Amino acid sequence: MRILAISIAVMNSLSRSAAFQFASHQSPTTGTSALLIRHSSSSFSTTTSLFLSNLSYETRQKCWRPTVQDVESISWGKPAKKKGTGSRGVPHRLNEDERLLFDQARRKGFLEIAGSGWRSQRGDAPLVNSYRSLCDARGQVCITLHKGNTGLDELVVDISPLRLPDTFQLLEDDMVEFVGLKTSYKASEENEDTDESEVDIVDAIEAKDGESPWNSRPIYQLPTYCISWEIQRSEGKQLGKKLAKEFDTIEKKGTQSKKPKHLKPGKNRKNGGYGIG
């Protein structure tokens, strides 16, 4: 009762100031509620969570998303129950080494990968594709540490799986301020020079379907929205853990993947074989 009384007193005190607004926030992955204090001034506006996190974000709830089970299925080269989960042109099937990193990423909350993860046999990066699909299924950001061989790694946060493009710029600004390091890349800067033809393609998709592609399209048909930092490996891992905690990307019950019974190779191993929705 004493703690509650103190909390109410603090809220009443702050609410008398025009600079503060209170709102309720719910974690999209845990459902845990938290109190948000929005602080506004003539020069900036940030949203922070008093109890849950230092970063406030939202994720689209009612939209097309794959199931976690289907993402796991196509990562083995098996068919998905939900149409559109996989594509013959976008490989998701993992080899043994990639499977180990995939399972590790689920437990740690972020993916660690050598370079870009490109695999010449597939002509793409199956591990990156599968982890991004998993993040889309769980409605969370996709955090990846790309390990370089020059002494610097690159930590990349892709917020496109949240599927709310109108909020991306604000979340990007909040994240940059939260991390406090100079970025090596920001999607907002790239968007300023976006090719008009790319915008026309997205608009055409939206006009054809009569709704936003962010609401109805698989994640591999949607553009990424990334913020990245060049960083030393030890610091990159620490920052990855910190952001994983802030965005609640750690699977508390993450276990080792189990190979499905009677698994057979697909007809076209290069593009994923059976990994088609």
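The model is predicted, so to speak of local features a pLDDT of at least 70 is needed, side-chain atom pairs count only at pLDDT 80 or more, and totals for chains, interfaces and linings use all residues. Residues are numbered from 1 along each chain as its sequence is written, and side-chain values use heavy atoms, with hydrogens and water left out. The protein has nine helices and eight strands; helices (H or I, at least four residues) and strands (E, at least two) are DSSP runs, numbered from the N terminus.

**Overall picture**

- Of the 277 residues, 42% count as buried, where buried means under 20% relative accessible area, exposed over 50% and partly exposed in between, with a 1.4 Å probe and protein chains only.
- The accessible surface comes to about 15600 Å², and carbon and sulfur atoms hold 51% of that surface; these areas come from the Shrake-Rupley method with a 1.4 Å probe, and for residues only the protein chains shown count as cover.
- Among contacts with a separation of 6 or more, 66% join residues 24 or more positions apart; a contact means heavy atoms within 4.5 Å.

**The five-stranded sheet**

- An open sheet of five strands runs in the order β4-β5-β6-β8-β7, with mixed pairing; two strands pair if DSSP finds at least two bridges between them.
- The edges are taken by β4 (111-114) and β7 (185-186), each of which has a single partner strand, so one side of each is left without a neighbour in the sheet.
- Strand β6 (residues 153-158) is antiparallel to strand β8 (residues 226-231), and six bridges link the two. In this pair, leucine 155 stands opposite tryptophan 229 of β8.
- On β8 the pairing with β7 is also antiparallel, over two bridges, and here tyrosine 185 stands opposite serine 228 of β8.
- Five of the six residues of β8 are buried, which leaves the strand mostly covered.
- Helix α9 (residues 233-246) lies across β4, β5 (142-147), β6 and β8, and runs at about 15° to β6. Axes here are lines fitted to C-alpha atoms, for helices over the stretch in contact, and angles run from 0 to 180 degrees between N-to-C directions.

**Helix against helix**

- Two packed helices are described by the angle between their axes and the distance between the axes.
- Helix α5 (residues 168-179) packs on α9 at an angle of about 135°, with the axes 12 Å apart. The two are therefore oblique to each other: angles under 35 degrees count as roughly parallel, over 145 as roughly antiparallel, 65 to 115 as roughly perpendicular and the rest as oblique.
- The crossing of α5 and α9 is right-handed; a crossing is left-handed if the near helix is turned anticlockwise from the far one by less than a right angle, and right-handed if clockwise.
- On the α5 side, Met175, Phe178 and Val179 meet Leu239, Lys242, Leu243 and Glu246 of α9.
- For α2 and α4 the packing angle is about 170° and the axes are 9 Å apart, which makes α2 roughly antiparallel to α4. Val68, Val71 and Ser75 of α2 make the contact with Ser130, Ser133, Leu134, Ala137 and Arg138 of α4.
- This crossing of α2 and α4 is right-handed.

**Around helix α2**

- In α2 (residues 68-75), the buried residues are Asp70, Val71, Ser73, Ile74 and Ser75.
- The cover over these buried residues includes α3 and α4 (126-138).
- Glycine 77 follows α2 and has a positive phi, near 85°.

**Residues worth a look**

- Arginine 106 sits in helix α3 (residues 96-108) and counts as buried at 8% relative accessibility.
- Leaving aside residues up to four places away in sequence, arginine 106 touches Val68, Glu72, Leu134, Thr249, Ile250 and Glu251.
- Most residues other than glycine have a negative phi. Arginine 163 is not a glycine, yet its phi is positive at about 60°.
- Arginine 163 lies in the loop between β6 and α5 and is buried, at 0% relative accessibility.
- Aspartate 248, also not a glycine, has a positive phi of about 55°. This residue belongs to the segment after α9 and is buried at 15% relative accessibility.
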